Each structure stands twice: as C-alpha cells, then as structure tokens.
Amino acid sequence: MTSSQAPTFFERYFELLDGPDPYSSLELVAEDVEFSIQWAADDSRKSSQFLGGLAELRGFVDAGDMEGWAHYVVHSGASGDVEFALGETRWDSGERIGTFLAVAELDESGRMRRYMVARSPALAFPTER
C-alpha cells in the first residue's frame with residue numbers, strides 16, 4: 001500500500017485484530033455475519049474448521065494467543081462488495097508462521113457480512129509487489 005491509497009478492509013481489520021484491543025476488530029463485523037475459518041497448524045493433512053456467527057467469532061478472538069505475531073496483507077483485491085487478501089502471519093522477528101487467503105462480502109455499511117479464511121504453514125507465495 002502506498003501512502004496515497006486508503007487501507008483495504010483486511011488491512012484495517014487485521015490491524016485492529018492484532019492491536020492492543022483485538023475486540024475492536026468486531027466493530028467492522030456485521031451483526032448477522034457468517035464465517036468459516038479453515039486452520040492448519042502444521043504441514044500435515046490435518047486441519048480444523050471453525051464456523052458460526054458473531055458470538056463464535058468473538059469466541060475465536062477470546063481463544064487467540066496474539067502475543068508475538070501479527071497478520072500481514074501481501075496482496076489484495078476487490079470485486080464489487082467482495083474483498084480478497086493473500087497474506088502471512090509472521091512472528092515479530094519477521095519469520096513467516098503461515099500463509100492465509102481471506103475473502104469477505106461487505107454489507108452496505110462496509111462491515112463484513114460473510115467471511116472465509118484458510119491458513120496453512122505448508123505453502124508460501126512471493127511477497128514482493
């Protein structure tokens with residue numbers, strides 16, 4: 001992102017989620033949100049899926065250990081009210097933890113109505129823009 005571009009939805013969302021008050025990210029989420037988070041902890045074939053609405057997303061934030069790492073959006077795009085982000089989770093040292101692909105449908109207020117994200121440490125993409 002250059003200084004003349006406004007932050008994308010996911011840049012704003014992950015900045016809040018990774019910040020001192022992760023619950024502030026929920027201000028960007030619609031009351032009737034539906035989500036699916038696909039999560040692989042390692043490079044095995046095993047993964048977990050987390051599903052739900054706003055209460056379950058809050059629970060996911062509750063369970064998250066956000067100490068020492070953050071989300072970095074590497075590439076992003078939009079098509080109408082749908083936004084996409086390819087990014088990495090990285091330790092504060094800069095070392096990559098995993099790669100994620102996120103998509104959100106935004107409502108008329110610009111809040112996330114549908115959300116799907118997949119994360120895996122098994123595959124990395126070039127980070128140069």
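**Pocket, sheet and a buried serine**

User: How do the residues lining the largest pocket divide into nonpolar, polar and charged, and how do you know?

Analyst: The lining of the largest pocket holds 15 nonpolar residues, three polar and two charged, where Ala, Val, Leu, Ile, Met, Phe, Trp, Tyr, Cys and Pro count as nonpolar, Asp, Glu, Lys and Arg as charged, and the others, Gly among them, as polar. The model is predicted, with local features requiring pLDDT of at least 70 and side-chain atom pairs pLDDT 80 or more, while totals for chains, interfaces and linings use all residues. Residues are numbered from 1 along each chain as its sequence is written, and side-chain values use heavy atoms, without hydrogens and water.

User: What makes this space a pocket, and which residues lie nearest its centre?

Analyst: On a 1 Å grid over the protein atoms alone, a pocket is an open set of points with protein on both sides within 12 Å along at least five of seven lines, and a lining residue has an atom within 4 Å of a point. The largest pocket has 20 lining residues, and Ile-37, Trp-39, Phe-60, Trp-69 and His-71 lie nearest its centre. The space in this pocket is about 380 Å³, a volume being what is filled by probe spheres set on grid points joined across faces, edges and corners. Two or more lining residues come from each of α1, β1, α2, β3 and β6, and α2 has the largest share, with four residues.

User: Why are β2 and β3 called edge strands?

Analyst: The open sheet of six strands runs in the order β2-β1-β6-β5-β4-β3, with mixed pairing. Because β2 (48-52) and β3 (69-79) each have a single partner strand, one side of each is left without a neighbour in the sheet. Pairing requires that DSSP find at least two bridges, and strands are DSSP runs of at least two residues (E), helices of at least four (H or I).

User: How do you know that β1 pairs with β2 and with β6, and in which sense?

Analyst: β1 (residues 29-39) and β2 share five bridges in the antiparallel sense, with Phe-35 opposite Gly-52 and Gln-38 partnered by Gln-49 in β2. Between β1 and β6 the pairing is parallel, over seven bridges, and Met-116 in β6 is the bridge partner of Ser-36.

User: Why is Ser-25 called buried, and what is Ser-25 in contact with?

Analyst: Ser-25 sits in the loop between α1 and β1. Its relative accessibility is 0%, so Ser-25 counts as buried, given that buried means under 20% relative accessible area, exposed over 50% and partly exposed in between (1.4 Å probe, protein chains only). Beyond its neighbours within four places in sequence, Ser-25 is in contact (heavy atoms within 4.5 Å) with Tyr-13, Leu-16 and Leu-17.

How values were computed: On a 1 Å grid over the protein atoms alone, a cavity is a set of points where a 1.4 Å probe fits but cannot get out, and a pocket is an open set with protein on both sides within 12 Å along at least five of seven lines; lining residues have an atom within 4 Å of a point.
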